[in-house]
Amino acid sequence: MRKFLKICWGVTTFLLLWLVSPVLAVEWDSGRLDIQSLTQLNYLNIEGDSSRSVNTEGAHYNEELVFNLYQYTPGGWHLETHLYSRFTDDPMFQINKRNFYILEGFFRFYNDKMVIQGGDFAEDFTRYTFNTSLFGVKCQMNLQDSIEAKAFVGRNRDEDLDKYVRYVEGASFKGKVKNLSFQIAMVSSNVDSSTLREDSPIGDEENTVGGISFEWSPLEVFRLRGEWARSVYNQDTRLTEDRYDNVYFLGMELSPLTYLNLKFEFERVEPWFMTVFGASNPDRQRYHFEGNLSPSPSWNLNLMYEYAYDKISSNSEAEERTYTEIASLASFWNPFWTREDVWNTLGINLQIDYFQNYNHGSQPMTDNEEIRGNFSLSQSFSFWRYSLSYTYSRYWDYVDPTSEYFSHVPALSLVFFQSKETWSYDLSLDLSYSYRKTVRTDFKDRSWRGEVNTSFISEARGTSLGLRFGLERNLSDNPGGVSDNTLYSYSLTLEQRLRETPSFNARLNFSFTHNDYQEKDSPGDYQEDLLVLKLHMNF
């Protein structure tokens, strides 16, 4: 009975929105109201071991509505409101097991000089101070073309999901003088101790960060960037004391030649520095270099090298300093780019990556390195194109040699296509093979993957039809690994334009997917049949 009621709910919503669509398409001289809706019905049938599936068996519905209101006034002020809500019983779409959830909502009142926004908003001050979204109010003023001031106050949006309330306030000032631009920012956050629960992931936390960043471009071929920030952080005011630390960043970009670009970066994040939702890894010093060489449209070369380590001061909690090195080489070559036939589409790509992690302790707990290379070849013709690739990887572990391995992954992709004024068609074939072998124990993991996709699109009728067939076979002789398994799958998708007018359009999507998972010498086999019906409408 419950499944029947869910289906009736979806069908009723579909018919209701369809009937009132001419009324919902609202527009007037000084504004308009836009409404977008999604009605989705799913039915999943599972045979066999349903616990192996990530989906939930049965019938489910998902309703999403988006409202956008725009109002313009003669005085130059504009009002914009936005509301995005979801009503569903499908665990794949639910947030914290809720049937109803407002995903996003805000209002924005603005003109050429000022912006006032309330509700959900995202703000980006500087790299190490603040960069995230909150629920609250923010104000932005453009005092002149080169001067901007911002201030906000807010909190985390979902107390029940996070299991605490965090208040955040901040302000920034941004200016520009000739070729120098700068920004000063201050952000503070604190957790309301009265909202903490027994299972809260944090304590009575307080954090304040202030910083200044700049960018200087005296020449078109030279740019210098930098930032300094200092934080005062207390993990739990009931148990610990305030900790002070700094972060330093300096970056330079240089183009000594028209076809040569160089980039250098230095970053030092001290162990006790803690950003307020910015981007940083405490206790890390990093040196970064990039170079791009493009002497002609037919060839370019990119080089990258990064060296980093932790335990940069006595405040570090790490016992041994760990070093990380990353190097990369990427190159593209089109040997026949000056020709006027199909050979000018031939492209050759080469990429080599190197990773290393190690420390210098008397008994090193980390000492490994990996090299990975990829070579690919691609070319397009009048009605088909191809791509060939090969990837080799070798991993060394000097602490645990039994985990060392090497792997080979060749792959082939073929695409056939045809396009006319009112319709188009394509057929693709993707094949790949993966072979991985441990060096010391001779355990082998092998995988074959194949997939065929075809689609037909009729612009005149507003119809799109797609078919997919897939096969994946995995074999392993590792006693502690996954049992040999095979996955067969196929799917059918159909999209049809129902109506399209200047004030209303509707699309109906139908899809059917079948997955057959078989595992050797195990009762974990299962089959999935998934039916999905979607109705998209824009008013």
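## Views of a predicted model

**View 1. The surroundings of R268 in the predicted model.** When neighbours within four places in sequence are set aside, R268 touches N246, V247, Y248, R284, Q285, I312 and S313 in this predicted model. R268 itself belongs to strand 14, which covers residues 260-269. One of the residues in contact with R268 is I312, and here a polar atom of the R268 side chain lies 3.3 Å from the backbone oxygen of I312.

View 2. For the protein as a whole the mean pLDDT is 88, with 94% of the residues reaching 70 or more.

**View 3. The fold as the setting for the close-ups.** The protein contains three helices and 27 strands, and its C-alpha trace spans about 70 × 65 × 60 Å along the principal axes. Among contacts with a separation of 6 or more, 51% are made by residues 24 or more positions apart.

**View 4. Surface, interior and charge.** Of the 539 residues, 35% count as buried, while the protein exposes about 30,400 Å², of which carbon and sulfur atoms supply 57%. The side chains include 51 positive and 75 negative ones, and the centres of these two sets lie 2 Å apart.

Note on methods
Residues numbered from 1 in each chain as written. Predicted model: local features only at pLDDT ≥ 70, side-chain atom pairs only at ≥ 80, totals over all residues. Heavy atoms only, no water. Helix = DSSP H or I, 4+ residues; strand = E, 2+ residues; numbered from the N terminus. Buried < 20%, exposed > 50% of the residue type's maximum accessible area, 1.4 Å probe, protein only. Contact = heavy atoms within 4.5 Å. Areas by Shrake-Rupley, 256 points an atom, 1.4 Å probe, with all protein chains shown as cover. Lys, Arg positive; Asp, Glu negative; His and termini not counted. Charge placed at Lys NZ, Arg CZ, Asp CG, Glu CD. Polar contact = N/O pair within 3.5 Å; in protein donor to acceptor, adjacent residues only side chain to side chain. pLDDT = per-residue confidence, 0-100.
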